[in-house]
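Please open the model in your viewer, with the chains coloured separately, and follow the stops below in order.

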Amino acid sequence: MNIQEAWKSLNEGHFASGETTRLAVSDLMRHPSQSPMALLRRNARINMGFAIIFAILFVVLFALHPHPYIRICLGVLILAYLAAVVFTAFKLRSLPPLPDMSAPLLSVMRAYHDQLRVWLDLQEKVALFIYPVSVVGGGLLGIASEVDLDTALQKPAVWWILGAAVVVITPAAHWLARWMGKIAFGKYLDQIKTNINLLEKSE
Amino acid sequence: MLTPEHIFLQQVEANIGIIRKIVHLYVEHPDDRRDLQQEILYQAWKAFPGFQGLSKFSTWLYRISLNTVLTFRKRESRSTTAPLEAVGPDVAAPDDNPSDNAERLYHAIRQLKETDRALILLHLDGFGNDEIADIAGLSANHVAVKLHRIKTELTKRLNA
């Protein structure tokens, strides 16, 4: 078989067929990019929005609950959520812009792989301090809604339970964030890594 | 006077075959093809202000399309490459009919690894080793060795 002739025939037949699309830039802009990095950046902004809404909610609860322990916990929660927002915003700003898609294939794939790795690491770190703080704050609020908090906190068992929850939740949150990242982007990361290795590999 | 938008659309419409070809060689599912074509056009429009005409528009569009396809996240529930068993008999069937040969070549290329597909596609479309090296970010020697291996593999598949 003459490969060049077959290729020419493919170009004239198989690849030439298809709907004729009337292109319009306005249409292109209506559908935001589906690139994983663009999605991650969009999701980060949405998460920051939610974190700010929750922080405002905690401020309202802070005003409604005069108990000092609850106020301390809510204060820590507010600070933790705001810290997560600032941390994420700082990371978003410090990430180099994604390379122009007209750059060489190898450098674009490396940049995508490295940025995705940085992003997933960031989410694991944020999970490491947001979830344990939320557990203690939520736990105290839950106890306060059922019984008198002062009485409850005099029982050592309550402190043990809270302490144990933090000890269990902290690594669990880290593991959960890592697992979710793997589920969402593991195959994609592997796919890019494989392509980088294949392109770099000397025959 | 033509606006950048008009120039871009004219150029893309004149070279739409490049996008169509790459989309067909990399994804199987019609929805994936539509998404990928959309993403390539989006990335091309975003990068267009940086196009200074130092290379041909078609070469620039190849870079954009291949980069987009290699960093595109395929949906896992959809098949992206036809399984070997499904295309095996067609690939193996000896026939001198040009359209059958084209079909066999199409399936054989689709069975190559993603990066190999990019290199052979550029080679078959007439790019020299230096140009391919520039697009891929490799040395010309490296490309020559890779192309030799890919062509041997392709011939083996076509003659199987």
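Begin by selecting the contact between the two chains, to which chain B gives 47 residues and chain A gives 38 residues; two residues are in contact here if their C-beta atoms, placed from the backbone, lie within 7 Å. On the side of chain B that touches chain A, at least two residues each come from α1 (4-14), α2 (16-26), α3 (30-47), α4 (57-70), α6 (98-110), α7 (114-124), α8 (129-136) and α9 (140-159) of chain B, and the largest share, eight residues, is that of α3(B). Helices (H or I, at least four residues) and strands (E, at least two) are DSSP runs, numbered from the N terminus. Coloured by class, this side of chain B shows 21 nonpolar, 13 polar and 13 charged residues, where Ala, Val, Leu, Ile, Met, Phe, Trp, Tyr, Cys and Pro count as nonpolar, Asp, Glu, Lys and Arg as charged, and the others, Gly among them, as polar.

A word on the model and its numbering belongs here. This is a predicted model, in which local features need pLDDT of at least 70 and side-chain atom pairs count only at pLDDT 80 or more, while totals for chains, interfaces and linings use all residues. Residues are numbered from 1 along each chain as its sequence is written, and chains are lettered from A and ligands numbered from 1 in the order in which they are written.

Next, select α4(B), which is mostly covered, since 11 of its 14 residues are buried; a residue is buried if 20 or more other C-beta atoms lie within 10 Å of its own, exposed if 12 or fewer, and partly exposed in between, with C-beta atoms placed from the backbone. Among the buried residues of α4(B) are W60(B), Y62(B), R63(B) and N67(B). What covers the buried residues of α4(B) includes α5 (105-146) and α7 (156-200) of chain A, together with α2, α3, α7 and α8 of chain B.

Move on to α7(B), which is largely enclosed by the rest of the structure because nine of its 11 residues are buried. The buried residues of α7(B) include T115(B), R117(B) and H123(B). Just after α7(B), look for G126(B), which takes a positive phi of about 95°.

For the last stop, select A84(A), found in helix α4 (residues 68-94) of chain A. Is A84(A) buried or exposed? A84(A) is buried, because 21 other C-beta atoms lie within 10 Å. Leaving aside neighbours within four places in sequence, A84(A) is in contact with A51(A), V126(A) and I130(A). The C-alpha atoms of A84(A) and A127(A), 43 residues apart along the chain, are separated by 9.1 Å.
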